[in-house]
Amino acid sequence: MQQLKDRWIGAVLWLCCLPALAQEVPQGLTECAAIRSLPREVAAQGRPVQLRGVVMFCYRKRDGAMVVQNGGVGIYVHGLRVPDASLPDWLARGTAIELTGVTEAGNFAPVIQAKKIRVLGTEPLPEPTPVSFSELLDGKWDCQLVRLRGVVQSVEERPKDAERVRLELTANGGRITVNVLESLPDLPRLVDADVEVEGVNFTYFNNRGELVGARVQVMNAGDVRVLKRGPEDPFAVPELHLSTLRPFSPSGVTYHRRRCTGTVTLARPGQFFYLQEGGRGVRVETRDQTPLQPGDRVEASGFVEVGDHFGKLREAVVRKVGIAPRPAPLPIQRKRVLGTNLPGSETDADDVDGLYATLQGRLEKVDLSDTEGPRLLVESEGRLVSATLGRDTPPATLERFEPGSEVRIDGVIRVELASGWPAQDFPRPVNFRVFVQGPADIAVARAAPWWTPQRLWLLLGGIGTVLAVTLGWNWLLRRRVEQRGTQLAQEMSARRDAAVEFDATLRERERLAADLHDSLEQSLTGMALQLEATEALQAEAPARSAQHLGLARQLLTRSREEVRRSVWNLRSQALDNRSLPDALRDTAATFAEGQALRIEVASEGPVRPLPDFIAGNLLLLAREALTNAIKHGAAQNIEVRVVFHPTEVEVAVKDDGKGFDTEGHPGPREGHFGLQGMRERMKRLHGALTITSTPGQGTCISATVPVET
């Protein structure tokens, strides 16, 4: 029961709050004027829109964009994003609708994005506002229904576009484009006709949302009313001399066609040509494809306009009336074309714009990248002048013109002024260019010298390339030589080491042979004699036979010891991670074992590790010295001393044996290789060997070897 009671209380409270909640729901914008007044950043927030209005313009496609008006103000509306099949193919002018949507910032003024459209019927259109051409450029007439009057100067039919006809309308205040969504009857007669149009003003804008132009969009053909048609014959219009295209007139200027006669001096079919008559040249712009050549006498009927501060004819039609000699070219002089340009006064330059003239100068460059056509850049009187040819000029015909050559160019002068239109001051010439009919109007007065800066740079570039290649090749050769030299040095070192190793092996074999000859052979011979005596006396004198057998056993024991010692001397030179003094002590203990012999090993200086090659050779040298002292010197006391100097190591073996004559002692020829082997070891180690001995006073052998620190 308590829960049911709480629910009833909640429902009553909610019903009481409904009026307050309804007041907080935002109401949609209903007036076009209010929406157009929104700042763009506010319109971009998507404010809701609910308005009722009349369609003034709509593109002829389903859900197309449109312009809707209420309260005398129009606004642009984006079509539905989701198609609505209940709507007609497009909304005709005068259709009354109810629209729901949201605001958007738009690219120029606030707009509406439609979400739902409901057709209500039709309503009368508001009366268009008569405006001048210049008024359309202030922006306030954007998307408003306007009425314009003017002269049609060009007509373009576009059957495949949504805008079927494009008119160019001119009147006081300027020129504007009028786009019509329906085809118009008798289009050729519209040119030069006085018309009145009713439509919606649309603006052109840049990426910053700034107005840069305007156009008028007309939905129905009936909104273009012809007030006065132009003449059937475009040449049945008043004639003007080229020197009086835009003269003073108390009644003002006319925007209708006028006719001029002159001699063609330059022609670009379908673009423009120049007429010259009585010392005046005039530019004629046309879409007429009539083929023209310099020297043709023609009549041109077109609309007079002041463009770039010089009168010209535009949208002209042409007919040939004869042939005349091409006017003599006027020599171009810088002062004559540009004047002195004195500040605060009118220019004192001659009126040469549009005249056929000749220019002489030095060709600097041939530029084939210009959109208007190939051009030659010529230096004349310290100024660079551009001479432009037609777009259809084959580039191959310009190959004969080399930079650096002196050329003479015949063409039409185009003067460029410093001020815009309309001028805020007396316009002054700042530069000029030349339009050239074709390569035939360019003559080479003097060929370019062969030795040009371009060729100089090419030569320097070639020399630099050859030098770079040469240096690179030299570097590669030097590197190959160094690599080959290193390889040969390694091979020679390997061969030398192999030869040294072979010699050492050979000497060691010879020493071993001598040792075996001196000891083992003699022992075996003596043992053989004792065995023979034992065999001979075995029966007659057994006691003497046993004595000889004992001597044989002693000789056998001595032979075994000699073989063991020789084999031990052939072992590896490695010290087995021992220092040289320790290895010498082990060697001395081996030699003294079982003999009445005293061998002492002493070390002086801080003991440090030696390379295996040095330590092994010194160990073998010491063994050889010990063998000689025991075998040949019959020494009883031997002293081995190892001295570690800062940059060398010394091993000395001193005994108290018999000694020998150092000058006349036996050598390799007599089968003794010990001392010779010591000297060769020291030679390989780049060391020094000192042998001191006197017969009867012992021997001292000292070996000193340099050691890198």
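Helix α9 (residues 674-684) is largely enclosed by the rest of the structure, because eight of its eleven residues are buried. Buried means under 20% relative accessible area, with a 1.4 Å probe and protein chains only. Helices here are DSSP runs of H or I with at least four residues, strands are runs of E with at least two, and both are numbered from the N terminus. The model is predicted: local features need pLDDT of at least 70, side-chain atom pairs count only at pLDDT 80 or more, and totals for chains, interfaces and linings use all residues. Residues are numbered from 1 along each chain as its sequence is written, and side-chain values use heavy atoms, without hydrogens and water.

**Helix α9**
- The buried residues are G674, L675, G677, M678, E680, R681, M682 and R684.
- H686 follows α9 and has a positive phi, near 55 degrees.

**The sheet**
- Five strands make an open, mixed sheet in the order β25-β26-β27-β29-β28.
- β25 (598-604) and β28 (688-693) are the edge strands; each has a single partner, so one side of each lacks a neighbour in the sheet.
- From one strand to the next, the twist averages 10 degrees.
- Two strands pair if DSSP finds at least two bridges between them.
- β26 (residues 637-644) and β27 (residues 648-655) run antiparallel and are joined by seven bridges.
- I638 stands opposite D655 in β27.

**Helices on the sheet**
- Helix α7 (residues 580-592) lies across β25, β26 and β27, at about 175 degrees to β25.
- α9 packs on the sheet and touches β28 and β29 (699-706), its direction making about 150 degrees with that of β28.
- Contact means heavy atoms within 4.5 Å.
- Angles run from 0 to 180 degrees between N-to-C directions, with axes fitted to C-alpha atoms, for helices over the stretch in contact.

How values were computed:
Buried < 20%, exposed > 50% of the residue type's maximum accessible area, 1.4 Å probe, protein only.
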